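Please work through each task before reading its solution.

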Amino acid sequence: MPFTVGFVPAGWHADGLLHTEPGLAARRYEGPRPEDQLTVQVWDTRISGGAADAGQMVRRRLAGDVWVSVTGSPPAAVLDQVLRSVAPGDTQRLTFPFRLGWVPDGHRVIGATSGARHWLATGSGGARRADPPLLDAVLLLDRGRGDPANFTGMSVGVSTEDELWQDRGVRPNGTILGRPSRYTEERGVAELHVFDLDGMHVLVTASGTDRATLERIVRELRLVGDPRRPADWTDRPLG
């Protein structure tokens, strides 16, 4: 669902997180304060249910069966200005700092997120500024119906190491590839953190699988040339 946004309010960060799933794409922008949020969402009504009614929202038909909505904390007049600036087209590819060399049989990509985060939640319930911005990319893979709302698969995420998880009380309990790691299982969900792998944090989460599977995913994951440089990221994260 390619689209461009021609207007972002002054003082807001234009390099937000881009998310895609079947029939839907969304770009989330952050403002000068941690509570400032702005989301532009485009969806095809033949494939996706589209935007949920949450808070202030303006929307319009973009083309044919494709609609666009804008939600967030700015005044309604600003949301409307953002809405009117949205047009079909693609100016930013979804890119990743890694390639997956192996995924379990039957899994397929159903969604992805990539971009920069300027505010991070802390373990105390507050927020702190990420300086430099935290770079983050996630692939969602599913073996079921492919419905992100009924997720039965796994997510693989890689972000710049920023001690974000340590701030939230996550501590290593093992090692993998010579790096500190943390593996846990709770209510059928397995989670593997790998700390500071070439300056990146790796997090693999999966339902209905075992430790060996998650460790194989990590062992066969390959980071791009310099994963801390978005210019080196790839738009082909599989294979």
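**Exercise 1.** Determine which residue forms a salt bridge with D232, and classify the exposure of both partners.

*Solution.* Step one: D232 pairs with R229, and their closest N and O atoms lie 2.7 Å apart. A salt bridge requires a side-chain nitrogen of Lys or Arg within 4 Å of a carboxyl oxygen of Asp or Glu. Step two: the relative accessibility is 30% for D232 and 42% for R229. Buried means under 20% relative accessible area, exposed over 50%, and partly exposed in between (1.4 Å probe, protein chains only); D232 is therefore partly exposed, as is R229.

The model is predicted: local features need pLDDT of at least 70, side-chain atom pairs count only at pLDDT 80 or more, and totals for chains, interfaces and linings use all residues. Residues are numbered from 1 along each chain as its sequence is written, and side-chain values use heavy atoms, with hydrogens and water left out.

**Exercise 2.** Locate the salt bridge between D196 and R179 in the chain.

*Solution.* Step one: the closest N and O atoms of D196 and R179 are 3.7 Å apart. Step two: this pair links distant parts of the chain, 17 residues apart, with D196 in strand β14 (residues 189-197) and R179 in strand β13 (residues 179-186). Strands are DSSP runs (E, at least two residues), numbered from the N terminus. Step three: D196, at 36% relative accessible area, is partly exposed, and R179, at 29%, is partly exposed.

**Exercise 3.** State how many salt bridges the structure holds.

*Solution.* The structure holds 11 salt bridges. One of them joins the side chains of R33 and E35 at 3.4 Å, N to O.

Conventions. Helix = DSSP H or I, 4+ residues; strand = E, 2+ residues; numbered from the N terminus.
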